[in-house]
Amino acid sequence: MAMATPVRRHRGGAMQDRPVGWARNPLTEFDQLLSEMSGLMESTVGGAAPAVAWTPLADVTESDDAFHVEIELPGVKKKDINVEANGQELVVTGETKERERKGVLRRSTRRTGSFEYRLRLPGEVDTEKINAQISDGVLNITVPKAEVAKPRHIEISEKSESTESKG
């Protein structure tokens, strides 16, 4: 006969099945796993593997006359960001520099190194009038729609019978 193993329960009755060092944020755990894997790849392949650019978080909204892109780039200086409109593609590239620190760094989850954000734009945009501004770590890019893409109200005229000439 098999002996039942006791299960430790909290007061609420939930089973305690998580390891002691369990990270509360699964994304942090995933990032940690990715960095460990890239470190393992570097040591296995030998030499430095090419740095993979990370993609910053962004929101894209559309109004009647433009597309608005907000990209989170905390701590990135204006001179370290490059914005290009290449055909139908908006490309934002740059680099987050590693800060010089005093003391021993115990933990780091902030991303550093090269970043790249790409957005495929519809054909009807005016690339000549794209505007980009950075404020409080958020890069705001406004991509105006071309005149042909803007909704236009068409007036309906009434054809009058009296204007026709009688012959």
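Trainee: Is Phe 115 buried or exposed?
Mentor: Phe 115 is buried, because its relative accessible area is 1%. Buried means under 20%, exposed means over 50%, and partly exposed lies in between (1.4 Å probe, protein chains only).

Trainee: What kind of model is this?
Mentor: It is a predicted model: local features need pLDDT of at least 70, side-chain atom pairs count only at pLDDT 80 or more, and totals for chains, interfaces and linings use all residues. Residues are numbered from 1 along each chain as its sequence is written, and side-chain values use heavy atoms, with hydrogens and water left out.

Trainee: Back to rings. How many aromatic pairs are there?
Mentor: The count is one aromatic pair. Rings of Phe, Tyr and Trp (its six-membered ring) pair if their centres lie within 6.5 Å; planes under 30 degrees apart are stacked, over 60 edge-to-face, and the rest tilted.

Trainee: Which residues form the tilted pair?
Mentor: Trp 54 and Phe 115 do. Their ring centres are 5.5 Å apart, with 50 degrees between the planes.

Trainee: Where does each partner of the pair sit in the chain?
Mentor: Trp 54 is in the loop between helix 1 (26-45) and strand 1. Phe 115 is in strand 5, and the two are 61 residues apart, so the pair links distant parts of the chain. Helices (H or I, at least four residues) and strands (E, at least two) are DSSP runs, numbered from the N terminus.

Trainee: And Trp 54, buried or exposed?
Mentor: Trp 54 is buried, with a relative accessible area of 15%.

Trainee: How many bridges do strand 3 and strand 4 share?
Mentor: Six bridges, in the antiparallel sense, with strand 4 covering residues 89-96. For example, Glu 84 has Val 91 in strand 4 as its bridge partner.

Trainee: Where is Glu 84 itself?
Mentor: Glu 84 is in strand 3. Glu 84 is partly exposed, with a relative accessible area of 41%.

Trainee: How far is Glu 84 from Arg 118?
Mentor: Their C-alpha atoms are separated by 9.8 Å. Along the chain, Glu 84 and Arg 118 are 34 residues apart.

Trainee: What about the open sheet of four strands, what's its order?
Mentor: That sheet runs 1-2-7-6, with antiparallel pairing. Its edges are strand 1 (58-62) and strand 6, and each pairs on one side only.

Trainee: How many bridges join strand 6 to strand 7?
Mentor: Five bridges join them, and the two strands run antiparallel. Asn 131 is bridged to Thr 142 in strand 7.

Trainee: Where is Asp 136 found?
Mentor: Asp 136 is in the loop between strand 6 (131-135) and strand 7 (138-144).

Trainee: So is Asp 136 exposed or buried?
Mentor: Asp 136 is exposed, because its relative accessible area is 78%.

Technical notes. Pairing = 2+ DSSP bridges.
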